[in-house]
Every structure is written in C-alpha cells, then in structure tokens.
Amino acid sequence: MAGLFDGATVLITGAAGGFGSAAARRYAREGARLVLSDYDAGALDAIGLEIGEEQGSEIASLAGDIADERLSEDLAALAVDRFGRLDIAVNNAGIVQEAFEKLPKIASDEARRIIDVDLVGVFYALKHQLPVMERQFRESGAGGAIVNVASVAGVTGASGLSVYAAAKHGVVGLTRSAAQEYARLGVRINAVCPSFARTPMATDMLDVERRGKVVTENQLVRGIPMARMAEVEEVIEAFIFASSPHNSFMTGQTLHVDGGLTAY
Ligand SMILES: NC(=O)c1ccc[n+]([C@@H]2O[C@H](COP(=O)([O-])OP(=O)(O)OC[C@H]3O[C@@H](n4cnc5c(N)ncnc54)[C@H](O)[C@@H]3O)[C@@H](O)[C@H]2O)c1
C-alpha cells in the first residue's frame, strides 16, 4: 500500500526523544526517507538502527547541539547530499526548565540556555531549511512543509515555566512570520502546540523533588478539560496532518493538541 510520505525526505530534530522517535517511526511507516538528529548520539544511533531494521528505511543521521548553527546548516546539506531533497522538517528538539519556579528564581544561565535551544535553535533550523525548500520550489514546483514543535506555553502564559513559555511564544512568532514570507514560495510552516504529553520531558518532572517541590500528574492536568496528559501518538497525529501533502492551504497556524486547555 502506498504511504502518505512515500519517497519524501523528512528531517527530524530531537529524534531520540519522546515525540521525535515516535515521529521518526511514523514517517518511516509512511514511506519517508529520514534525516535524524539529536544531542544524544548513542540514543540517536539506537533509534536509527531500530527503524532501519524494522522498516528498511533509508536513514542518515547526525548528532549535535541545535543551539549551534552549524548543525542546522549541516543537516540541510545532508538531506540534499544523501537524498537530493528536503521535503519536510520537524523542528522538535527542545528542553524545559529544570523545575517549576517563579521568574526571579530562574538562574540567568538556565534562561539563556532555554532561549538558545528552544528558540534560537528553531531560528537556525528555519534559516537553513527555507532556502533549500524555496530552491526546490523554483526548480520543480514542489517546495516543502515545516512543523515547528512549540507548546500551549507558546500561546498562553505558563505559571512556573516563564522562560520556556517565552521561547515557545518566540517559536510561534517565527512560524507565523516565516509562513507569510514563504506563502508564495512553496513552503508551508505551522506550529504544533501540545499540552503535557507522556514523553520523558514531562514524565521526568513527576513525583520527584525538584528545588524543594514535588509535582504530581493530577497537578499537571488540573485545568485541562479532558483531565489527562496527551499520549504521544495523539500529538504525532498533528505533525502528520500539518505536513501532509493533502493539507496544502494551511500555513502559519498553531495546532493546539491540548485536551481543550486553550478552548476558552
Ligand atoms: N512532552 C510534553 O509535555 C511537551 C509539551 C509541549 C511541547 N513539547 C515540546 O516537544 C518537543 C519534544 O519534546 P519531548 O517531549 O519529546 O521531550 P524529550 O525530552 O523526550 O525529547 C527531546 C529531545 O531533544 C533532544 N535535545 C535536547 N536538547 C537538545 C539540543 N540542544 N540539541 C539537539 N537535541 C536536543 C533530547 O536529547 C531529546 O532526545 C520539545 O520541543 C518540547 O518543548 C513537549
């Protein structure tokens, strides 16, 4: 059976993590060739091997820090050198604050690192992905689609996570602005905004003491109308929709996968 992304080249950052590895498996099942990246080189190798063995997919991978511009430059070049094109990019690598803290208690070094990884990392990614996709559009009429993984903290305040929220608001700003700039150049850019989902980023925060506080799952889901965390696959569904070739008129949008949290 034909896959939704047969023959497409899909670049995924943060590919060893919860959303990233699930997205890599799903795009591979849908026929994509993958360019995978993560900070954690060992985990990246393991996920590449697993998908290669299970799906027989073509995979290129490169480990590195998304806060280093050269990684984004090298990843865009790797997609073109290995597979001739870059059709879809899922800019997903990210970190969250070490603990829920009021703003004045956040260490300035931690704040800078979060902005560097979560916001500037997405800027670097877009900076090197967009020209490749624009060139493809001019040459062949087929540009590309970009999915930036933001958060509900990118569209509402997030008490205790102010710097993370600031970075994710920035990702939404980059998404909307780049979408307008590239609307006639064959590139669609959208942001996916999940609430807490069952990945290591969120589950590692639960039931452990961090800076003198313990956060429970019940506390995390308070205020979410569906009263639960998202399952990873529920969020990946939005990545697939946002990047689907059938979804050709949607750009610059935020897709809220949040159990109704922002529906007020
Ligand atoms: N899980 C949630 O509840 C949730 C909710 C909203 C948004 N998000 C966002 O989803 C994205 C993926 O997070 P996740 O939940 O899968 O978390 P995760 O911790 O499971 O995965 C994140 C991955 O990014 C990688 N990474 C971290 N810093 C990096 C860096 N500097 N350079 C390259 N790679 C780096 C990690 O090694 C890890 O594999 C993040 O952008 C996160 O902010 C997560």
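Modeller: Strands β5 (144-149) and β6 (187-194) each supply at least two residues of the lining of the second largest pocket. This is a predicted model, in which local features need pLDDT of at least 70 and side-chain atom pairs count only at pLDDT 80 or more, while totals for chains, interfaces and linings use all residues. Residues are numbered from 1 along each chain as its sequence is written, and side-chain values use heavy atoms, without hydrogens and water.

Biologist: What makes residues count as nonpolar, polar or charged in that lining?

Modeller: Ala, Val, Leu, Ile, Met, Phe, Trp, Tyr, Cys and Pro count as nonpolar, Asp, Glu, Lys and Arg as charged, and the others, Gly among them, as polar. By that rule the lining of the second largest pocket has 11 nonpolar, 7 polar and 3 charged residues.

Biologist: Why is β2 called mostly covered?

Modeller: Buried means under 20% relative accessible area (exposed is over 50%, partly exposed in between; 1.4 Å probe, protein chains only). In strand β2 (residues 33-37), 4 of the 5 residues are buried, so the strand is mostly covered.

Biologist: How do you know that β2 pairs with β1 and with β3?

Modeller: Two strands pair if DSSP finds at least two bridges between them. Strand β1 (residues 9-13) is joined to β2 by 5 bridges, running parallel, and β2 has 3 bridges to strand β3 (residues 59-61), also parallel. Both therefore count as pairs. Thr13 has Ser37 in β2 as its bridge partner, and Leu34 stands opposite Ile59 in β3.
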